Amino acid sequence: MSAVTLTLLEAGHCVFPEHITRGRGGFGPVRFPATFALIEHPTAGPLLFDTGYGRAFFTATRRWPNQLYARLTPTTLREEQLAVHQLAQRGLRPADIPRILISHFHADHVSALGDFPAARFSYWPEAWAAVRGRRGLSALRAAYLPEVMPPDFEARAAPLDPAALRPLPPEFAPFRHGVDLFGDETLLAVPLPGHAVGQIGLLARTAAAPVFLLADACWHSSAIREDRPPHALAQLLFADAAQYRATLHALHTLHMHRPAVALVPAHCEEAQERYAAAS
Ligand SMILES: [Zn+2]
């Protein structure tokens, strides 16, 4: 069976009180890395899963009301952490990336889309429909900053087709359906509802083990082990808190039955370190 390579990279981080994100621990701030993934498919070439923070985030949050976003999640991004610079170190130019898969439209996942002039953008249609056209406070309430989006986003959109959902291999139960991006089961986009409308994760078959990129379906690996949602305050931010808990419980079940599947939340330092050590 063919396999992809997957490199987990970090484009900036923010800090946020641990207790809010973890549902336990202190109220002091903890580091919250914004990861994205470079995936190299044997025939389709490179693609990205999200982009992390980009320069556009800082421009977009200079003024009211978007300042609130930056104040709530104080963010640091070093120039060399920009996705384009990290890809350059791997011999890839921005124009070499033909496709970016977007988990959801929160600004810490999409703020560098504009750095990739040749990329088409794939996402779950509901995710875009939920934020498209929002401005100001209405956008901010959805953690969406329209100012970070490339002006030609819709011209380059290649949304996933919900009609293409197919049963997943049984090893990924209780997750049952996904979209097979290249028809070879190497990359499967899987709906992960709850955190944001239309959020997707990505199941990637690497030579070592399947890797499940979870975006914000949960924030800490400990949440999966303990089946523990974040603090009620954080749940207020979610599109659907009941769906979030159901998705988290499904991840807990998958982890218990298939510990070999690497579960990687986008903002979890522990998962980041574990994946780096294993690859
Ligand atoms: Zn998010």
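The model is predicted. Its chain contains 11 helices and 12 strands. With a radius of gyration of 17 Å, close to the 19 Å that the globule rule gives for 279 residues, the chain is as compact as a globular protein of that length.

**Overall dimensions and packing**

- The C-alpha trace spans about 50 × 45 × 35 Å along the principal axes of the chain.
- Buried residues make up 45% of the 279 in the chain.
- Among contacts with a separation of 6 or more, 63% are between residues 24 or more positions apart.

**The six-stranded sheet**

- An open sheet with mixed pairing is built from six strands, in the order β7-β8-β9-β10-β11-β12.
- The edges are β7 (166-167) and β12 (262-265); each has a single partner strand, so one side of each is left without a neighbour in the sheet.
- Strand β7 runs antiparallel to β8 (residues 177-180), and two bridges join them.
- Pro167 has His177 of β8 as its bridge partner.

**Arg135 and its loop**

- The loop between α6 (125-131) and α7 (136-141) holds Arg135.
- Arg135 has 10 other C-beta atoms within 10 Å; because residues with 12 or fewer count as exposed, Arg135 is exposed.
- Pro146 is 11 residues from Arg135 along the chain, and the C-alpha atoms of the two are separated by 6.7 Å.

Technical notes: Residues are numbered from 1 along each chain as its sequence is written. This is a predicted model: local features need pLDDT of at least 70, side-chain atom pairs count only at pLDDT 80 or more; totals for chains, interfaces and linings use all residues. Helices (H or I, at least four residues) and strands (E, at least two) are DSSP runs, numbered from the N terminus. A residue is buried if 20 or more other C-beta atoms lie within 10 Å of its own, exposed if 12 or fewer, and partly exposed in between; C-beta atoms are placed from the backbone. The radius of gyration is taken over C-alpha atoms; the globule rule is 2.2 Å times the number of residues to the power 0.38. Two residues are in contact if their C-beta atoms, placed from the backbone, lie within 7 Å. Two strands pair if DSSP finds at least two bridges between them.
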